[in-house]
Amino acid sequence: MKKLIFSILIFSNASLYSVVHAASFNCEKAVTKTEHAVCKHLQLNDADVKMATTYNIIRKLVPMGTRGVIQDQQVKWLQLRDQCQDNVSCLNDVYKMRQQKLDIYMNQVYRQGPF
């Protein structure tokens, strides 16, 4: 009976971890070293989700011209990020850099409020 309870607890914790540990992309389909690193490291995973969420919010709130600029910057940023491959320090730096840039856009949106 103890083994059954222990197995249930282990299984439920493992499935909870897989739900909590989810990047902005499907980690089961990760191909590149960068994607695998993001999926493997919780800090990178969290940074990826935060950045993707901020990016998607901003894209919907800015005018079309600004939207195009932000989308172009995102493509360039993804190329820069992928150059890091599985270098965690490099990835942390590029995620921090992108989040700071997106936060600037978000602050511009806030100043246009109230919402």
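Student: Let's start with the buried side of α4. What covers its buried residues?

Tutor: The cover includes α2, α3 and α5. Keep in mind that this is a predicted model.

Student: Which residues of α4 are buried?

Tutor: Ile70, Gln74, Trp77 and Arg81.

Student: And where do they sit around the helix?

Tutor: Look down the axis of α4. The buried residues fall within an arc of 70 degrees, so they line one face of the helix. An α-helix has 3.6 residues a turn, so residues three or four places apart point the same way.

Student: What does the face turned away from the buried side carry?

Tutor: Exposed residues: Met64, Gly65, Asp72, Lys76 and Gln83.

Student: How many residues does α4 have, and how far does it reach?

Tutor: α4 has 20 residues. From first C-alpha to last it reaches 29 Å, close to the 28 Å expected at 1.5 Å a residue.

Student: Let me zoom out. What secondary structure does the protein have?

Tutor: Five helices and zero strands. From the N terminus on, the order is α-α-α-α-α.

Student: How much of the protein is buried?

Tutor: Of its 115 residues, 26% count as buried.

Student: Which residues of α4 and α5 meet?

Tutor: From α4, Thr66, Val69, Ile70, Gln73, Gln74, Trp77, Leu80 and Arg81 take part. They meet Leu91, Val94, Tyr95, Met97, Arg98, Lys101, Leu102 and Tyr105 of α5. By class, this contact has 10 nonpolar, three polar and three charged residues.

Student: Pick one of those for me. What is Met97 in contact with?

Tutor: Leave aside neighbours within four places in sequence. Met97 is then in contact with Trp77 and Leu80. Met97 and Trp77 are 20 residues apart in sequence and 9.4 Å apart in space, C-alpha to C-alpha.

Student: How exposed is Met97?

Tutor: Met97 is partly exposed, with a relative accessible area of 41%.

Student: What sits in the loop between α4 and α5?

Tutor: Gln85 is found there, between α4 (64-83) and α5 (88-111). Phi of Gln85 is near 55 degrees, a positive value in a residue other than glycine. Gln85 is partly exposed, at a relative accessible area of 38%.

Student: New topic: α2 and α3. At what angle do they cross?

Tutor: Roughly 105 degrees, and the axes of α2 (residues 33-40) and α3 (residues 42-61) come within 5 Å. That makes α2 roughly perpendicular to α3.

Student: Which residues make the contact?

Tutor: α2 brings Ala37, Val38, Cys39 and Lys40, and α3 brings Leu42, Leu44, Asn45 and Asp48. By class, there are five nonpolar, one polar and two charged residues in the contact of α2 with α3.

Student: Which residues of α2 are buried?

Tutor: Thr34, Ala37, Val38 and Cys39.

Student: And what do the buried residues of α2 pack against?

Tutor: They pack against α3, α4 and α5.

Notes: Residues numbered from 1 in each chain as written. Predicted model: local features only at pLDDT ≥ 70, side-chain atom pairs only at ≥ 80, totals over all residues. Heavy atoms only, no water. Helix = DSSP H or I, 4+ residues; strand = E, 2+ residues; numbered from the N terminus. Buried < 20%, exposed > 50% of the residue type's maximum accessible area, 1.4 Å probe, protein only. Axes fitted to C-alpha atoms, helices over the stretch in contact; angles between N-to-C directions. Parallel < 35°, antiparallel > 145°, perpendicular 65-115°, else oblique. Contact = heavy atoms within 4.5 Å. Nonpolar A, V, L, I, M, F, W, Y, C, P; charged D, E, K, R; others polar. Expected span 1.5 Å × (residues − 1). Arc of directions from axis to C-beta.
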